[in-house]
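Please keep the sequence and the model in view while reading.

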Amino acid sequence: MAAHRQVYGDWCPGYQVPAHTSTDLTGDHITPRSKGGTNTPDNVAVLCRACNSRKHNS
């Protein structure tokens, strides 16, 4: 999260919405853990809480 903020600031790339600013950024599993995804950095991206909730388990 800190590395993302250093480069992009409070910026969410968006999920089914355009990219936007947000101070409520979270880690999002690209492949959900429920579908075999891991907690490794290559499987975690940054989304705001609203986009992360929108993505849910997909």
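With 31% relative accessibility, Asp10 counts as partly exposed; the term covers values between buried, under 20% relative accessible area, and exposed, over 50%, with a 1.4 Å probe and protein chains only. Asp10 lies in the loop between helix 1 and strand 1. Helices (H or I, at least four residues) and strands (E, at least two) are DSSP runs, numbered from the N terminus.

Not counting residues up to four places away in sequence, Asp10 touches Arg5, His20, Thr21, Ser22, Thr23 and Leu25, where contact means heavy atoms within 4.5 Å. Asp10 and Pro32 are 22 residues apart in sequence, and their C-alpha atoms are 23 Å apart in space.

## Basis of the model

The model is predicted: local features need pLDDT of at least 70, side-chain atom pairs count only at pLDDT 80 or more, and totals for chains, interfaces and linings use all residues. Residues are numbered from 1 along each chain as its sequence is written, and side-chain values use heavy atoms, with hydrogens and water left out.

## Overall architecture

The chain contains 2 helices and 4 strands, which follow the pattern α-β-β-β-β-α along the sequence. Its radius of gyration is 11 Å, close to the 10 Å that the globule rule gives for 58 residues, so the chain is as compact as a globular protein of that length. This radius is taken over C-alpha atoms, and the globule rule is 2.2 Å times the number of residues to the power 0.38. Along the principal axes, the C-alpha atoms fill a box of roughly 30 × 25 × 15 Å.

Of the 58 residues, 28% count as buried. Among contacts with a separation of 6 or more, 40% are accounted for by residues 24 or more positions apart. The chain exposes about 3900 Å², of which carbon and sulfur atoms supply 54%; accessible areas come from the Shrake-Rupley method with a 1.4 Å probe, and for residues only the protein chains shown count as cover.

## Cysteines

The number of disulfides comes to 0, a disulfide being a pair of cysteine sulfur atoms within 2.5 Å. Cys12 is in no disulfide, and the nearest cysteine sulfur, that of Cys48, is 3.8 Å away. Cys51 is likewise in no disulfide; its nearest cysteine sulfur is that of Cys48, 3.7 Å away.

Cys12 counts as buried, at 0% relative accessibility. Cys51 is buried as well, with a relative accessible area of 1%.

His4 is placed in helix 1 (residues 2-8) and is buried, with a relative accessible area of 15%. Leaving aside its neighbours within four places in sequence, His4 is in contact with Gly9, Trp11, Leu25 and Val46.

Gln16 belongs to the loop between strand 1 (11-12) and strand 2 (20-21), and it counts as exposed at 65% relative accessibility. Most residues other than glycine have a negative phi. The phi of Gln16 is near 65 degrees, a positive value in a residue other than glycine.

## The segment after helix 2

Ser58 is found in the segment after helix 2 (49-55) and is partly exposed, with a relative accessible area of 42%. Beyond its neighbours within four places in sequence, Ser58 is in contact with Tyr15, Ile30, Pro32 and Lys35. Ser58 and Gly37 are 21 residues apart in sequence and 11 Å apart in space, C-alpha to C-alpha.
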